[in-house]
Amino acid sequence: MSNLAWTVERVLPETIADLLELIAIPSISSMEEHDADVLEAADQVANLLTRVGCPEVRTLEAGGKPAVYGHFPAPEGAPTVLLYAHYDVQPPGDASSWTSDAFTPAERDGRIYARGAADDKGGIAVHLAALRVFDGTPPVGVKLFIEGEEEIGSPSMPALLDKYSDELTADVYVVADSVNWAVGTPSLTTTLRGVVDATVHVSTLRTGLHSGQFGGVVPDALTSLCRLLATLHDERGNVAVEGLVHSPGPELEYPSDRLQDETGILDGVEFIGDGSLVERMWTRPAASVLAIDTTRIADASNTLIPSASAKVSVRLAPGQDPARAEEALRDHLVDHAPWGAHVTVEPGQQGGPSTIGLDGEHAQAAKDAFAQAFGLPPVEMGCGGSIPIVAEFARRHPEATVLVTAVTDPDSRMHGIDESVDVGDLARAAVAEAMFLQNLGR
């Protein structure tokens, strides 16, 4: 065992305690009733950075949720690395479906279960453990940027990056928010999809009508909405919105039986779309209906519904301009209104896709560090999720190296029921990050 690995093992219990304390805070950025929890989580992150010896810790704000900033000045001649993660989390969903309470961390079979344990408070824990290794004096300059609105698309991020451009400038950016190839097998992410979403409102009547008296002549809004949403895909399940780009995927096999196990897809349900599995997950667009607002079944009556709404999300392939994608989605929904239904589209979040190069000495130093820490070279793979800050860092600092790393694995169930993080992989990721900082310092 290397000295760094031994040191991470020594500081891991304290880091796990920090993680358990942090994930007990329900910092759900999308729900106003949790605004106080978001602020509490930001304060707790600031406290944690102080605990690991960060000499400068403060809050950055630009009209949105606060971000926490920490800075270890660079030794003479050393580069500066910015370590990114986010402390906000998704809602837990159906609380009754969790094996244990979503915000009461539980340790089972080498994993920690709780909302945010993996996405992305586990990423914060990796940074804390790596910094503890150096006892307040890392071999390079280190900046920490822990934001609180990633799960809602980081809407204030452009303003925040404008306002604090000096603080957020670095030679290397490490975004610890992706997924590893498997437990025990690290990855470095090479592509990320972007995202746009919108709420579509459909109206057909000024008021509800008796379904027996007028049914068969007058279209109800919910049926009209269902027909409209069905036009988002062709018969094979490919996205049918014109103007969206796609690109070939890497020559990397993703076994279908593995995907069945990871997704829990029901017997007889088919995967949708054309192309290889990695293309469909990483380099092609994907459209999903996230929610529908209409009459509850418990409140239903024999009435033609006058209006209904749905939230639609589209993941964007690398190379797609998100503004054009948003326009294409809006045009598609308006142009495909069935039976003359009135359709309005309210745009939502927007984030760009990324292609991340792994050339240059900084990227090679990262590959070497992960290979040494895990005992396996990192898999260079795409990710179907969206991390808008990656595109922002790359656009604003084209001379810098941007690396997207991971602490989660395909069994982590980010955004789902029983989200979890593997403690062994958390430790290995911390060793890899500490080794990377040490390699850069040399």
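Trainee: How do the residues of the lining of the largest cavity divide into nonpolar, polar and charged?

Mentor: In this predicted model, the largest cavity holds about 80 Å³ of space. Its lining includes Val126, Val174, Phe370, Leu403 and Phe436, and α10, β17 and α12 (423–441) each supply at least two of the lining residues. By class, the lining of the largest cavity comprises 10 nonpolar, 1 polar and 1 charged.

Trainee: Which element provides the largest share of the lining of the second largest pocket?

Mentor: The second largest pocket has about 220 Å³ of space. Of its 14 lining residues, Pro158, Gln350, Gly351, Pro388 and Glu392 are the closest to the centre. Elements giving two or more residues to this lining are α4 (157–163), β14 (342–351) and α11 (388–396). The largest share, 5 residues, belongs to α11.

Trainee: How many residues of the lining of the second largest pocket are charged?

Mentor: Glu392 is one of the lining residues closest to the centre of the second largest pocket. In the lining as a whole, 7 residues are nonpolar and 5 are polar. The charged residues number 2.

Trainee: Why does the ring pair of Tyr173 and Phe393 count as stacked?

Mentor: The whole structure contains 6 aromatic pairs. For Tyr173 and Phe393, the ring centres lie 4.4 Å apart. Planes under 30 degrees apart count as stacked. The pair therefore qualifies, as its planes meet at 25 degrees.

Trainee: How many residues apart in sequence are the parts that the pair of Tyr173 and Phe393 ties together?

Mentor: Tyr173 is buried at 0% relative accessibility, and Phe393 is buried with a relative accessible area of 1%. Ring pairs also link these two residues with Tyr84 and Phe145 in a cluster. Because Tyr173 belongs to strand β7 (residues 172–179) and Phe393 to helix α11, their pair ties together parts whose separation in sequence is 220 residues.

Trainee: What separates Phe370 and Phe374 within helix α10?

Mentor: The rings of Phe370 and Phe374 have centres 6.2 Å apart and planes at 15 degrees, so this pair is stacked. Phe370 and Phe374 are both buried. Because they are 4 residues apart in helix α10 (residues 361–374), their separation is about one helical turn.

Trainee: At what distance from the ring centre of Tyr254 does Arg258 lie?

Mentor: Arg258 lies over the face of Trp181, at 4.4 Å from the ring centre. Arg258 also lies over the face of Tyr254. For Tyr254, the distance from the ring centre is 4.6 Å.

Trainee: Is Cys226 buried or exposed, or partly exposed?

Mentor: A disulfide is a covalent bond between the sulfur atoms of two cysteines. The search of the whole structure finds 0 disulfides. Cys54 counts as buried because its relative accessibility is 7%, under the 20% limit. Cys226 has 40% relative accessibility, so its class is partly exposed.

Trainee: Which residue does a cis peptide bond join to Asp119?

Mentor: The omega angle of this cis bond is about 5 degrees.

Trainee: Where is Ser154 found?

Mentor: Ser154 has a positive phi of about 50 degrees although it is not a glycine. Its relative accessibility is 5%, so Ser154 counts as buried. Ser154 is placed in the loop between β6 (141–147) and α4.

Trainee: What is the relative accessibility of Asp418?

Mentor: Asp418 also has a positive phi, near 60 degrees, in a residue other than glycine. Asp418 is located in the loop between β17 (401–408) and β18 (420–422). Asp418 counts as buried because its relative accessibility is 9%.

Technical notes: Residues numbered from 1 in each chain as written. Predicted model: local features only at pLDDT ≥ 70, side-chain atom pairs only at ≥ 80, totals over all residues. Heavy atoms only, no water. 1 Å grid on protein atoms, 1.4 Å probe; cavity = no way out; pocket = protein on both sides within 12 Å on 5 of 7 lines; lining within 4 Å. Points joined across faces, edges and corners; volume = space filled by probe spheres on them. Nonpolar A, V, L, I, M, F, W, Y, C, P; charged D, E, K, R; others polar. Disulfide = S-S within 2.5 Å. Buried < 20%, exposed > 50% of the residue type's maximum accessible area, 1.4 Å probe, protein only. Phe/Tyr/Trp six-rings, centres within 6.5 Å; stacked < 30°, edge-to-face > 60°. Lys NZ or Arg CZ within 6 Å of the ring centre and 35° of its normal.
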